[in-house]
Amino acid sequence: MDPIIELDQVSYTYENAAHPALQQVSLTVAAHQWVAIVGLNGSGKSTLAQILDGLLPIDTGTIKIGGQPLTTDNLWQMRQQIGMIFQNPDHQFVGATVEDDVAFGLENQGMPRDQMQQRVHWALEQVKMTAFAHKAPQTLSGGQKQRVAIAGVIALQPRIIIMDESTSMLDPTGREDILRIMQDLQQQLQITILSITHSMAEIVQADQIVILQAGQIIKTGTVEQIFSNLRNLTELGLQPPFTQQLQADLRAAGVPVTAQYHNKSRLIRELCQLRLKM
Amino acid sequence: MPITFENVTHIYQSSGPLAATGIKNVNLTINDGDFVAIIGQTGSGKSTLVQHMNALLKPTAGVIHIGERAITPDSKNKHLKKLRQKVGMVFQFPEAQLFEDTVLKDICFGPQNFGASVTQAQATAREMLDLVKLPADIAEQSPFDLSGGQMRRVAIAGVLAARPQVLILDEPTAGLDPQAHTELMELFANLNRQGTTIILISHQMEDVAQYCNRVLIMENAQLIRSTTPQMLFNDQDFIIQHNLQVPEATAFAQELVQQGFQFESLPITEPQLVQQLRRQLGGING
Amino acid sequence: MGKLIIGRYLPGDSLIHHLDPRGKFVGTFLFVLIVFLANNWETYLLLTAFVLLAVKLSGISLKFFIKGIRPMIYLILFTVLLQMFFTPGGDPFWQWGIFSLSKLSILNGLFIFIRFLLIIFISTLLTVTTTPLQMSDAMEYLLKPLRIVHFPVDEVALMLSIALQFIPLLSDETTKIMNAQRARGVDFGEGSLINQIKAVVPILIPLFVSSFNIAYDLSVAMESRGYHGSEGRSKYRQLQWQAADTWMLVVFGLLAVCLIGLRSY
Amino acid sequence: MNKQTLQRTVFAGLCAAIIFIGISLFRINLPAVVGRPFIHFGNTFAVVTVLVLGFRYGAAAAMIGLGLFDVLNGYAATAWITVLEALVLSAVVAQTFHWLHYHPGQLAKLYLVSLAAGLIKIVTSWVAGVIESLMVGTQLPVACVNSFLSLPATVINSAATFLLVPLIYLALEKTILKRIHLR
Ligand SMILES: Nc1ncnc2c1ncn2[C@@H]1O[C@H](COP(=O)(O)OP(=O)(O)OP(=O)(O)O)[C@@H](O)[C@H]1O
Ligand SMILES: Nc1ncnc2c1ncn2[C@@H]1O[C@H](COP(=O)(O)OP(=O)(O)OP(=O)(O)O)[C@@H](O)[C@H]1O
Ligand SMILES: [Mg+2]
Ligand SMILES: [Mg+2]
């Protein structure tokens, strides 16, 4: 599959900062993937998200979106291909009502009003928030606000959506809800998702995991590749997934399960086989 | 300092047209040394409940006994300092309460309000920095130059500095990375071992299972159950009926049960699960 | 402390509620000017009837309007009395130094009293029948002509809508910060006046910090959604000027004409 | 609109919201015989905002915060006076601040600024009172005398402004002002 995002040797340092927030970062993402970006607080995840959207000007390196290099001239067109959903639902609501907020990005493009109305309606339908179209943000729950944020982004029909800890301020129900919606949308609309997250449930269902540490990408790979080795994971901002921890502890306790990473159903199958052998 | 609620109800704006029930008819007792979890959906009244425990809110009806003191709807708002010193409260995203220009001053703010001298307060503050595992040289820095995780620790140190006997925590680790999460939870567990009563609002059932000896379940402004984590997570019907989560270890065990495994009682933590499986599958020392 | 209610809008479905906020806004100011035309019993009667009719049409109880006057009543009464005693001319039936009372001055005081009520009623009517959002849309629209003098209308409009939208959030934030400081031993509302005033500092600093964080996040979010100034933007939410709105202005015109006819010269 | 301008504009909007809240939430009741007089912090916060944001953005925030409160609370007919008062207040504060060549930490100069703010507020309140009286049709002398009536409350409010602005500004300076670039 064609790569949709290519970063080559990208570095960025904030003004007045002693250390670069990103250092020589190279990354390739294939289209229609779900990429989980993980790392400790301050490791540069949000910075990475922002440079991808051209929100911060990189010092060195190149960024290509859909094969095209990102430059200051094509910034606004490129940005239309990328949508972002942020952490705090309250800090990204621009419109005074749900529909106004969804329309915000369309207004910025100068889209005619009747076309906007169609798009807004369509986007709200995708996240099942049509009934709330005229509501004010204060009357919504955190999860509902994030749904509106998603609608505001997909209304622009981007090819890539970046989520920066978009579920971390929600309760478990809200979290699952948003995750499910994003999975559906990814299938339906064929988008690429980059998700910054600390949530293990989300990480283990990603196609690709990218680990950042102190501004550098120190590891990328599939779930199996990343979790085949338990050592150092916590230092990298990762708890081992539950099944992996269980496998390791069972082995330590003398239960002969395989060392290789298994997802939940595979591990259960293996345990059943073990039991039958007893 | 035990805390008792007797038929406590709180209605927000009880006189106005926008009256909203915060909690309704709550009865409970929290004993010295408890590590209590409060769980429930968003808006179920958890925050309202705990804000009564240091008299930030007064009941609309009912009585709350906090140690020697009784808080009733008619209690005057005066002289609550002593109470608030003994019952510390860490709010959600507590870094939002920082306002001084150095970390040390900010941690001293509480103790000084409660009557400590500057030197006394500073000594305590330095001790607290150590307790929350922040380097000592951070004391003279501005809290606003710190990372999010460090700011959180400073804010928590600012509450601990009053040396409360009861510590209330409203989702204290929200938004932190897993490493910081574990470190803070261990800190609270340690305080609890040294005798501090801990009351924790949490959405993370792993924490409830691992650290708490009691769990209170709120739903629609009511306290619907007060039990132990072990009992709660073994009551599958109740869990499903009230739309609650179980720890991963329990969920995993439940799936094993469907495949024919048997557990006397469902494990609620990963070590428990390992132990039980080891027994069934014959590991070493089995 | 409860949730803050911004403004005093009372939901309803009346004719007045449905009028265009721009028209209502302009109408309110026109009315203040029109009131100046009145100077005798007939004109005041007409104005009063007009306002009462408008109140009736709004479907909001008159009691609500009367309640609104209560906090200002001392100011109003004092003004009225002062005016009564100070109005020269007429032929006084009571006099003491520069103070005098005559039939004319009493009448004059009464008229001022009525003007007070009328202006308060009509302002209240605007407030209770127009949502804060409509109000801010109207203000934004009415500012537009100032573009000619290079007034940054769009920037101000953006500030206005952000202000309106974040008042509830920041007021929640204020309550939270206050509670957090209270838990750290601050007594709001206790102690000497100076101490009470100083207790504002530990609330306001965090509030400013929060606001700055919001401003940072929000501006990044806006930029990521393609906001680059007001140029080339289209508008989704639009006010709809209808026949009824034009009629309302016509009625105001007629009212003025009637007053000019009825007033004494 | 570049990044900084956008950020400043958004922040000014939020400051306007803080000023609004300063009127409606930050209140201290005063003991009194008649009525329920109170101090509110709308003006104090407006002055701080002008110091933080400079004249252009600060004045906008002050005018929006104070004006919006009037419009939404039944004082629409006189809101324009409030807006002009806010403009004058902002201009005086920004100008005094400029003249004094303030450098971080100079508390005395801040007290001069807040003194100017307090005094000009008393003057503009009085003028506003006169205009409001004239609007209901009283004669000029009556309006002038009448306007003194609300002066005690204004004086106490101005005193609060005088006292508080330097404290708040200094605290902001030590905490976040050097970390943000808004002026
Ligand atoms: N606006 C800024 N100015 C200066 N330094 C910054 C700024 N934003 C972030 N940094 C610094 O850049 C580094 C990377 O920050 P970033 O926000 O990208 O981390 P993160 O991985 O997203 O962390 P978190 O998990 O806390 O969100 C950190 O050292 C941080 O202190
Ligand atoms: N200041 C307030 N004014 C009016 N109603 C309020 C106020 N605070 C809370 N409520 C209402 O009281 C109920 C209980 O709220 P509370 O904040 O205690 O819930 P919670 O369980 O802490 O929720 P969360 O998990 O979202 O923190 C909710 O219906 C809420 O809307
Ligand atoms: Mg981040
Ligand atoms: Mg809560």
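In the predicted model, a polar side-chain atom of Ser46(A) is placed 2.7 Å from an oxygen atom of ligand 1. Two further polar pairs involve this ligand. An oxygen atom of ligand 1 lies 3.0 Å from a polar backbone atom of Gly44(A), and a nitrogen atom of ligand 1 is found 3.4 Å from an N or O atom in the side chain of Tyr14(A). Ligand 1 is located between chains A and C. Its surroundings comprise Tyr14(A), Ala21(A), the residues Leu40(A), Asn41(A), Gly42(A), Ser43(A), Gly44(A), Lys45(A), Ser46(A) and Thr47(A), together with Glu165(A) and, from chain C, Tyr216(C).

Ligand 2 is located between chains B and C. There are 15 residues around ligand 2, of which Thr42(B), Gly43(B), Lys46(B), Ser47(B) and Thr48(B) come nearest. A polar side-chain atom of Ser47(B) is 2.7 Å from an oxygen atom of ligand 2. Backbone atoms also take part: a backbone N or O atom of Gly45(B) is 3.0 Å from an oxygen atom of ligand 2, and a polar backbone atom of Ser44(B) is 3.2 Å from an oxygen atom of ligand 2.

Two helix pairs of chain B were examined for packing. Helix α3 (residues 103-113) of chain B packs with helix α4 (residues 118-131) of chain B at an angle of about 120°, the axes being 8 Å apart. The two helices α3(B) and α4(B) are therefore oblique to each other, and their crossing is right-handed. On the α3(B) side, the contact is formed by Val103(B), Leu104(B), Ile107(B), Cys108(B), Pro111(B) and Gln112(B); these meet Val118(B), Ala121(B), Gln122(B), Ala125(B), Arg126(B), Met128(B) and Leu129(B) in α4(B). By class, ten residues of this contact between α3(B) and α4(B) are nonpolar, two are polar and one is charged.

For the second pair, the axes of helix α10 (residues 248-258) of chain B and helix α11 (residues 270-281) of chain B come within 9 Å and cross at roughly 30°. Because angles under 35 degrees count as roughly parallel, α10(B) is classed as roughly parallel to α11(B). The crossing of α10(B) with α11(B) is left-handed. Ala249(B), Phe252(B), Ala253(B) and Leu256(B) in α10(B) are in contact with Glu270(B), Leu273(B) and Leu277(B) in α11(B). The contact of α10(B) with α11(B) contains six nonpolar residues, no polar residues and one charged residue.

Definitions and conventions:
Residues numbered from 1 in each chain as written. Chains lettered and ligands numbered in written order. Predicted model: local features only at pLDDT ≥ 70, side-chain atom pairs only at ≥ 80, totals over all residues. Heavy atoms only, no water. Axes fitted to C-alpha atoms, helices over the stretch in contact; angles between N-to-C directions. Helix = DSSP H or I, 4+ residues; strand = E, 2+ residues; numbered from the N terminus. Parallel < 35°, antiparallel > 145°, perpendicular 65-115°, else oblique. Left-handed = near helix turned anticlockwise from the far one by under 90°. Contact = heavy atoms within 4.5 Å. Nonpolar A, V, L, I, M, F, W, Y, C, P; charged D, E, K, R; others polar. Near = heavy atom within 4 Å. Polar contact = N/O pair within 3.5 Å; in protein donor to acceptor, adjacent residues only side chain to side chain.
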